[in-house]
Amino acid sequence: MNFAVILVVAAVISLVVILRLAVSRSLQIRNSAHLDTKIRPMDVNAFRNLVNPAEDEYLRRRLPSRDFRRVRRARLRAMAAYVQIAAENAALLVGFGETALASGDPKLADAARQLVNQALVLRRNSAVTLVKIYVAMAWPYSGLAAVRVIERYEQMSGSAMLLGRLQEPGAAVRLSRT
Amino acid sequence: MPAVLGIIVHDESTMLQAHSLLWHYLWVGPHILQLLLAVFMWRRGMGRLFPVFLSYLIFEAVEELTLYGLDVSPSVSGETFWRFFCFGLIVEGLIKLGVIGELFFCLLRPWSAVAKVGSRLISGIGAILVLSASLAAAFMVPDNNHWLISGSHILQQTFYIVECGLLMFLFCFAAYFRLPFGRQVFGIALGIGILSSEHLASWAMTASGALLDKRYLLDFLNLATYHVCVLVWFYYLLVPHKNSVRDVAPLPEHSLELWNRELERLLQ
């Protein structure tokens, strides 16, 4: 009987999630035109500094163990915030690319497809990197490579730029602050 | 699906009783509609897009109409009915897993960037769900003295645990990556998602022996939900989508030089 109750609760949660996602999908389609207000520019250079292993190594050598752990965790928290912004921007650009895909212009559609694929890879890498960051928070001495997120972010920025230029020659989307 | 109804006869003459007019309609009506939907899909060439779903529609309709005939026919024994029920249940369950695979394939096909990770994840989650559902089934206490009846209840629960889990994963995966469901894929997934969630709850209660004296209410709930899902499929597969012109979002105009520089660097 207890197991049945668990399954009933799971089924209700599943139904609510599915219906909620269905509603949010229709809202997402309706709101896809407000991309410019949602994109959050990101300081790629600052992020690059944060994930630079040489800087971590320098701090590890210079600081006492306790201070290093505190500083490292603070840097990891900042890193996580950057990765989350990158992932959110990627999600927005997936929606933007999908809208551009439906435009009918083959040149635009090619650029849009490239943008969406890069944004999807970035979002996937972001999820994995976030997990690694949270693991590293518990174990500050572990190495962490978030460089792939930066590379993907830069590639995605390039594609967004290209798509923006193709769509509207006088305008471009801004994903980076520097 | 509603086979237990056949052995429940109540004195009350309300509509929510076995063999009431509503009961006959809810068992037969949606499956006739389902056959019509299959014909429309075939004529519109959707059979090529969703061959497994089309097979599911036809098989499910034929199965349920056969079960209905067996149920109302006085010459058919209870054991024969339940044997047919179990056979149909296994085939239907396997086809529905195929439908979920088809939906996942349609969702991932255009996006090579996440196709591999998606396939790996769904295989892993499928394996975990099958293992958990089998373990749960192994420890269930039968709700009926006849092994065929209690076994079919547990089998239903097992299939719906797997289906519901896979569909939840499908929706969450698409939501996380903001993958666009096509209108038709979304309609099929929504219908099967609602159906699996409701049926999971209902069959979990049945298999555990809960609501023994009011089981006909669960059957009505199953039948009504199925009817709603068939209507959802009708709407998403046959009603033409309003072709609203989706403007490409305007992009903010700043940092052009920086972006040009970035683009040039990427093109080098």
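Student: In chain B, what share of the contacts with a separation of 6 or more comes from residues 24 or more positions apart?

Tutor: Happy to start there, keeping in mind that this is a predicted model. Take the contacts in chain B whose partners have a separation of 6 or more, and pick out those between residues 24 or more positions apart. Their share is 75%.

Student: Which elements make up chain B, and how many residues are buried, as a percentage?

Tutor: Chain B has zero strands and nine helices. Read from the N terminus on, its elements run α-α-α-α-α-α-α-α-α. Of the 268 residues in chain B, the buried part is 41%.

Student: What span should helix α6 of chain B have, and what does the model show?

Tutor: This helix covers residues 147–177, which is 31 residues.

Student: Which residue just after α6(B) takes a positive phi?

Tutor: Look just past the end of α6(B) for a phi of about 55°. The residue is Arg178(B).

Student: Over in chain A, how are α3(A) and α5(A) oriented to each other?

Tutor: Helix α3 spans residues 44–51 and helix α5 spans residues 65–101, and their axes come within 10 Å. The axes cross at roughly 140°, and the crossing is left-handed. Angles over 145 would count as roughly antiparallel, so the two helices are oblique.

Student: Which residues of α5(A) meet α3(A), and what classes are in the contact?

Tutor: From α3(A) come Phe47(A), Leu50(A) and Val51(A), meeting Arg75(A), Ala78(A), Met79(A) and Tyr82(A) in α5(A). By class, the contact has six nonpolar, no polar and one charged residues.

Technical notes: Residues are numbered from 1 along each chain as its sequence is written. Chains are lettered from A and ligands numbered from 1 in the order in which they are written. This is a predicted model: local features need pLDDT of at least 70, side-chain atom pairs count only at pLDDT 80 or more; totals for chains, interfaces and linings use all residues. Axes are lines fitted to C-alpha atoms, for helices over the stretch in contact, and angles run from 0 to 180 degrees between N-to-C directions. Helices (H or I, at least four residues) and strands (E, at least two) are DSSP runs, numbered from the N terminus. Angles under 35 degrees count as roughly parallel, over 145 as roughly antiparallel, 65 to 115 as roughly perpendicular and the rest as oblique. A crossing is left-handed if the near helix is turned anticlockwise from the far one by less than a right angle, and right-handed if clockwise. Two residues are in contact if their C-beta atoms, placed from the backbone, lie within 7 Å. Ala, Val, Leu, Ile, Met, Phe, Trp, Tyr, Cys and Pro count as nonpolar, Asp, Glu, Lys and Arg as charged, and the others, Gly among them, as polar. A residue is buried if 20 or more other C-beta atoms lie within 10 Å of its own, exposed if 12 or fewer, and partly exposed in between; C-beta atoms are placed from the backbone. The expected span of a helix is 1.5 Å times one less than its number of residues.
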